[in-house]
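I opened this entry to keep track of what I looked up, in the order I looked it up. The sequence and structure go in here before the notes.

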There are 2 protein chains.
Amino acid sequence: MKKEERLVTQITPKSEDFSRWYVDVIRRAELADYAPMKGMMVIRPYGYAIWENIQQLLDRRIKASGHVNAYFPLFIPESFLKKEMEHLKGFAPEVAWVTHGGQEELEERLAVRPTSEAIIGAMYSKWIQSWRDLPILINQWANVVRWEKVTRPFLRTTEFLWQEGHTAHATEEEAREETLKILNLYREFIETELAIPVVVGKKTSREKFAGALETYSVEALMSDGRALQMGTSHHLGQHFSRVFNIRFEDSNQNLQYVWQTSWGVSTRLIGAIIMSHGDDSGLRLPPHIAPIQVIIVPISIGRWKETVLPVAVDLERRLMAAKIRVKLDSREEYTPGWKFAEYEMRGVPLRLEIGPKDINQQQVVLVRRDNGEKLTTSMDNLEGKITNLLEEIQKNMFNQALEFQRRNTHDVDNYEDFKKIIEDRRGFIRAWWCGQETCEESIKEETAATIRVIPLEKVKEGKGNCVYCGQLASEYVYFARAY
Amino acid sequence: MKKEERLVTQITPKSEDFSRWYVDVIRRAELADYAPMKGMMVIRPYGYAIWENIQQLLDRRIKASGHVNAYFPLFIPESFLKKEMEHLKGFAPEVAWVTHGGQEELEERLAVRPTSEAIIGAMYSKWIQSWRDLPILINQWANVVRWEKVTRPFLRTTEFLWQEGHTAHATEEEAREETLKILNLYREFIETELAIPVVVGKKTSREKFAGALETYSVEALMSDGRALQMGTSHHLGQHFSRVFNIRFEDSNQNLQYVWQTSWGVSTRLIGAIIMSHGDDSGLRLPPHIAPIQVIIVPISIGRWKETVLPVAVDLERRLMAAKIRVKLDSREEYTPGWKFAEYEMRGVPLRLEIGPKDINQQQVVLVRRDNGEKLTTSMDNLEGKITNLLEEIQKNMFNQALEFQRRNTHDVDNYEDFKKIIEDRRGFIRAWWCGQETCEESIKEETAATIRVIPLEKVKEGKGNCVYCGQLASEYVYFARAY
């Protein structure tokens, strides 16, 4: 598309049609584009730069907690997937199959990995012999493929990028500890860096990962009131170690099966950022992951190229030296007004305007994307002020989202209210649940709401009546319509 | 395998059997392991950490030269590959084909990308309309698949990791400039960071990339006298822009096809590091890419845990603070002697030994992996000394490899000498070549040597006689047996 066509007016208002708004923002901000194959997308440079920032901030945490990265093959023989039947059943409908290599038909077809438990299990059985080899704490950054029927950029695509951690431990206790440690790592990462408040907890049996003993999840509320699963951490028990024969000799020379975990977050996080923070003007990016944190727009009046531009160039250099991700847009073919709208649409957290008048007074104008506030400030120690301001914006965006989540979390004690709220306002509904899958399924059929998590931190003590069947219930859980 | 089994004596001496030595080093140093599928490997954490360092140092250069990263789909429809026939012919025998998604057979089969020119071409035709959209300077870090008959870890595997740059320009001159700019970037990167001296130049038509106008290559001599192609930079001309209809309106409103380049280096670089620098004791890693730059081995005598260990811990902390990648191996179940051999085998550039005597004298013993030198030095400003020493090791490793390359580059003016040298000593052979493909092919058939490059910087001025046919020749080229 031509540069001149990029106008903010071409974004459907969020309040009018959320789905179209979402796709418009992705297209106009050049985060991604549809590939010519069904369900596949291209992550464009601006979107990929967000992913790189996510990777860097998360990878640092994964390594600091003792994990190392590795790389396992893209292809998994069909027979490996078949070893864990629950796992196969869960993924078989979504697998892309390679049947030919060059001109030859393969003896056994190969799955393009939908997730890597099976191939990693096979390798761990080679690498693990003794208790001294444990724990194994490996993570991988990779692409995976799931043949989805209905797709949506970043949220559900045939191919996506993610990290998947796979660990092996000597005891069940250690494996559960690891599962929860990662769940907390995800929560802290998402809240601190993406400025998205989350609820964390356990999935019901119905919603758990194919092959896991227990699945824990990090869930957030998008600004249309639907929930999004942002990351999962699975306690795999011994399901995979038994079928892949991953055993170790313990300190008493007894052979034992290892206990495993796996966990992942994906490019879906970018979808979450768009849907949590975006508004009618487009994206709003939290400073920690914004590819451009500050956009400098020179006010192009009169002899601005001789007066304003050199100062703008100097400010860019100063901010860069202070490790702020800054960009100066000095293009002449666009007006300052057009640039204001453009970078608002692209979600840049802070705009720095500088014109002839400002130069005389040694000041600049700063405009915040999070709340529209405009402030005039002197050029002295601008680096320090902007660094602090970016942190303030980061915190404010988190608080705005937290406020939204609180306003849209409803405690409900009867099914009529449940149905009405889900229909009218959506959001999280918290209610008692008896633990029976039949109730869970009926609610899903009748309202399209699912149990997102059984929260780790109890919201209510004691017992109550199941919101569906009325029987005595001890779990107070989060429901929502979800992506 | 059990930790106790890891003994350096299990590495086949390099002089005895280079191929077995190579595979032994990879296995013993835990760089990679064979996956249970033919031709596929797992990159283990120690090998992957080398790749991460390579990525970081190269990505910084790619970005500093104005490129941005993006991500394109793994799958390419067969019809897209077919558009550029030369390209298809080059890659068809190596393509893995996806024919089924879930339970359904696909209408059109999908290639698992062997390289991404075709899919990127399709996207560029959407993104490029005007001269203002140019140049497009995009790079991607990705996995690719080529169905190879004969494989060898890191050098030739069914799947490998790489970066592939894809650029589009308004003029042929700009595209050629980009091709050469990247060639020089690769040269500088490989020589500076991997400590491997290279020769750079143009490939002959016979050896160029399927679909390129011209291919330029960076070639190095491995320590067995065979050459390895370390990276390539292709001037694609308008081959792909014509078939994918990538056109732009120039400033005179005329529609023009863009000029393109593509370029890449892969995990093959790790193979080059092993084969350039390794010796009978195992790996030797250049400090810039070594996952562990300094290994601290406490001498475990007497009450070492009370006397030596606290000092070792403190030294580790100090070196870490100075951004040196340091590790303290304080395990009790292994002797210092075992650790010396172990980390030598793993190629750690510098060993720091510290025992009770050293503590009394406030000194440590440093042992260099590049030349075995042992030096005793005081603990004052150890950070600064080690930082300098690591730089010295980096330079010395480059010089050692350069010396080897010089000793093994032979200027030859007759075919008898050519054949004798290739048979006895291998190495680079420089000789006149008439430019005819028939001579090139006969030489290859008779000696297994190929033209590695027509060097960019002329080695000899004027003309001479083709080393094969004796006719007048104006190209003085590099031959070698290659991987």
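This is a predicted model: local features need pLDDT of at least 70, side-chain atom pairs count only at pLDDT 80 or more; totals for chains, interfaces and linings use all residues.

**Chain A, overall**

I noted 14 helices and 25 strands in chain A. Buried residues make up 48% of its 483 residues. I then checked the contacts in chain A with a separation of 6 or more, and 68% of them are between residues 24 or more positions apart.

**The sheet in chain A**

I traced an open sheet of 11 strands in chain A, with mixed pairing. I wrote the order down as β3-β7-β8-β14-β11-β10-β9-β22-β25-β21-β20. Its edge strands are β3 (68-69) and β20 (409-411) of chain A, each of which pairs on one side only. I looked at which helix packs on the sheet and noted α5 (residues 117-127) of chain A, which touches β7 (136-145), β8 (159-169) and β14 (259-266) of chain A. The direction of α5 makes about 30 degrees with that of β8(A).

Within the sheet I picked one pair of strands to follow. Strand β22 (residues 450-455) and strand β25 (residues 475-480) of chain A run antiparallel and are joined by 3 bridges. For Thr450(A), I found the bridge partner in β25(A) to be Ala480(A).

**Where chains A and B meet**

How many residues of each chain are in contact with the other chain? I counted 47 residues of chain A in contact with 47 residues of chain B. On the chain A side, strand β5 (residues 96-101) gives the largest share, 6 residues. By class, that side has 29 nonpolar, 9 polar and 9 charged residues.

I followed β5(A) across to chain B. There, 5 bridges join β5(A) to strand β5 (residues 96-101) of chain B, and the two run antiparallel. I noted that Trp97(A) stands opposite His100(B) in β5(B).

Next I checked how the copies are related. Chain A superposes on chain B by a rotation of 180 degrees with 0.0 Å of shift along the axis, at an RMSD of 0.0 Å. This is the relation of a two-fold axis. The residue of chain A that comes closest to the rotation axis is Val98(A), at 2.1 Å (C-alpha). Of the interface residues of chain A, 100% are also interface residues in chain B, so the copies meet through the same surface.

**Two places in chain B**

I looked up helix α8 (residues 268-277) of chain B: 10 of its 10 residues are buried, so the helix is largely enclosed by the rest of the structure. Among the buried residues are Arg268(B), Ser276(B) and His277(B).

Is Arg369(B) buried or exposed? I found Arg369(B) buried, because 26 other C-beta atoms lie within 10 Å, and the cut-off for buried is 20 or more. Arg369(B) lies in the loop between β18 (363-368) and β19 (374-378) of chain B. Leaving out residues up to four places away in sequence, Arg369(B) touches Arg284(B), Glu344(B), Gly347(B), Val348(B), Pro349(B) and Leu350(B). Last, I checked Arg369(B) against Tyr415(B): they are 46 residues apart along the chain, and their C-alpha atoms are separated by 40 Å.

Notes. Residues are numbered from 1 along each chain as its sequence is written. Chains are lettered from A and ligands numbered from 1 in the order in which they are written. Two residues are in contact if their C-beta atoms, placed from the backbone, lie within 7 Å. Helices (H or I, at least four residues) and strands (E, at least two) are DSSP runs, numbered from the N terminus. Ala, Val, Leu, Ile, Met, Phe, Trp, Tyr, Cys and Pro count as nonpolar, Asp, Glu, Lys and Arg as charged, and the others, Gly among them, as polar. Two strands pair if DSSP finds at least two bridges between them. A residue is buried if 20 or more other C-beta atoms lie within 10 Å of its own, exposed if 12 or fewer, and partly exposed in between; C-beta atoms are placed from the backbone. Copies are superposed by least squares on the C-alpha atoms of residues with pLDDT of at least 70 in both. Axes are lines fitted to C-alpha atoms, for helices over the stretch in contact, and angles run from 0 to 180 degrees between N-to-C directions.
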